Every structure is written in C-alpha cells, then in structure tokens.
Amino acid sequence: MAQQLLMPKATAVWLVDNTALSFDQIATFCKLHPLEVKAIADGESAQGIKGLDPISTGQLSREEIARAEANPNHKLKLSEPKVRVPESKRKGPRYTPVSKRQDRPNAILWLVRNHPELKDAQISRLVGTTKSTIEQIRERTHWNSANLAPMDPVTLGLCSQIDLDLEVERASKGRPLPTAAELGATLESAQETEKLPYSTDREEEKEIDADAVFAKLKSLKSATPEEDDEDDRF
C-alpha cells in the first residue's frame, strides 16, 4: 500500500506560507493543480483551512524542504513512516484453525437454538462456515446430526463475546416488539378489572368489631355499680 499525504490542501497552505517552494513543487507533492496552489497563495482559495505542518506529522524533513528550495527541479519525497499501520483484511468468512473446525457444527447448533434471529450470513461471519452447512444443521440433514451437541462458540474460542453481542444487536433491530402472550403476561386489562365487584369483607369486619365493642361497654357498666356497693359497705 503506497503511502499517502495527510490533508493535502492543508499541507499546501502551510508550504505556501512557510517555504520558498515553487507552485509546481507544492502542486506535485500535494497532488493539486498549480493554478489551485496559486489561488491559495493569492488568498482566493482555502481561506478557511488551517495549514498543517508536514514536519510535525513526520511526512517531510527540514533537509528535504531545503533541498527543494535550493533546486526548483527537485521533487519532494515523503519521509518513511516511523510506524507501519497494518492493512485491513478483506471481508469474508472468519478463518477457523484446523484444530477447532470440528467444533463448528456444535457452535452452529447453539446459535440456531439460542439466537434464531441471526441470519445465515451472520452465523457464517461468527464461526467461519458456509450457508449450506448451516441449512443442513437447521433441517437436521447434517451427516453428524445425531452426535451434535450445542456449545457456546465463545467458550469454544470460535468468536469473541463482543462480536456475538454485536451480531445479535444487529439482528434484533428489525424485529417487532414481543407481544404480551410471548412475555407470559398474566395481568388483566383495565376494562375487565373495572367490572369486578368491590369486596365487602372489610365492612363486615367493621360491623363485627363494633358489636363486640358495645358488648364490652355494657358489661363494664353493669359491673361498676356492684363494685361501688361493696366499697360503701366497708
């Protein structure tokens, strides 16, 4: 992968303002047209762009700029990067080590049972399998279906928990919300509860308690005169 200049126009602005390079040299280095570099120098273009110092970013050296200023025919060259950024891998099925390939059917069975919302393409990305194998396991036509046991692909080391959660989240975005029957709800609707009669148990309890209280009061009144008579005798 060829090295590319970061923010070419911002770099051109800095080179115009801080060096004695020609328009052609700056244009060649920043991959711009010489007239566009001239417009930057005249203040007709890139007025809102802040210049980017290529020396501070490590893409040019002061010695390279000095050589180009001394020789108008010299073409600026990018400095070698101090850190190599690895190239992104091509998108495709996940590579599975040979030692773990025998566990893929068990992982597929686990995903099919525990996450039916996942599509075949998502399962293929997680465990590195083919759609035909997934269909065979779904339809129980796999040659080893009798011996398969569902096993978590994260535990088997076929994928990470983050990747699994991400695929499940993507698959759940388009699903409708679960109904009350699916959630197992047992609460009755407001219309049904409004028709239910109010309980009168508390009123009956209150009446019973009141009668008991009055009965105790009557017994106390009847017992009080007898006690007063006994006190008078003595």
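Helix α3 (residues 34-41) has Val37, Ala39 and Ile40 as its buried residues, where buried means under 20% relative accessible area, exposed over 50% and partly exposed in between (1.4 Å probe, protein chains only). Seen down the axis of α3, these residues fall within an arc of 155°, so they line one face of the helix; the arc is that of the directions from the helix axis to the C-beta atoms. The model is predicted: local features need pLDDT of at least 70, side-chain atom pairs count only at pLDDT 80 or more, and totals for chains, interfaces and linings use all residues. Residues are numbered from 1 along each chain as its sequence is written, and side-chain values use heavy atoms, with hydrogens and water left out.

**Helix α3**
- Helices (H or I, at least four residues) and strands (E, at least two) are DSSP runs, numbered from the N terminus.
- The buried residues of α3 pack against α1 and α2.

**Leu21**
- Leu21 lies in the loop between α1 (8-18) and α2 (23-30), and is buried, with a relative accessible area of 7%.
- Not counting residues up to four places away in sequence, Leu21 touches Leu15, Ile26, Ile65, Ala68, Glu69 and Leu76; contact means heavy atoms within 4.5 Å.
- Leu21 and Leu76 are 55 residues apart in sequence, and their C-alpha atoms are 9.8 Å apart in space.

**His142**
- The loop between α7 (131-138) and α8 (153-156) holds His142, which counts as buried at 9% relative accessibility.
- Apart from neighbours within four places in sequence, His142 contacts Pro105, Thr133, Gln136, Ile137 and Leu148.
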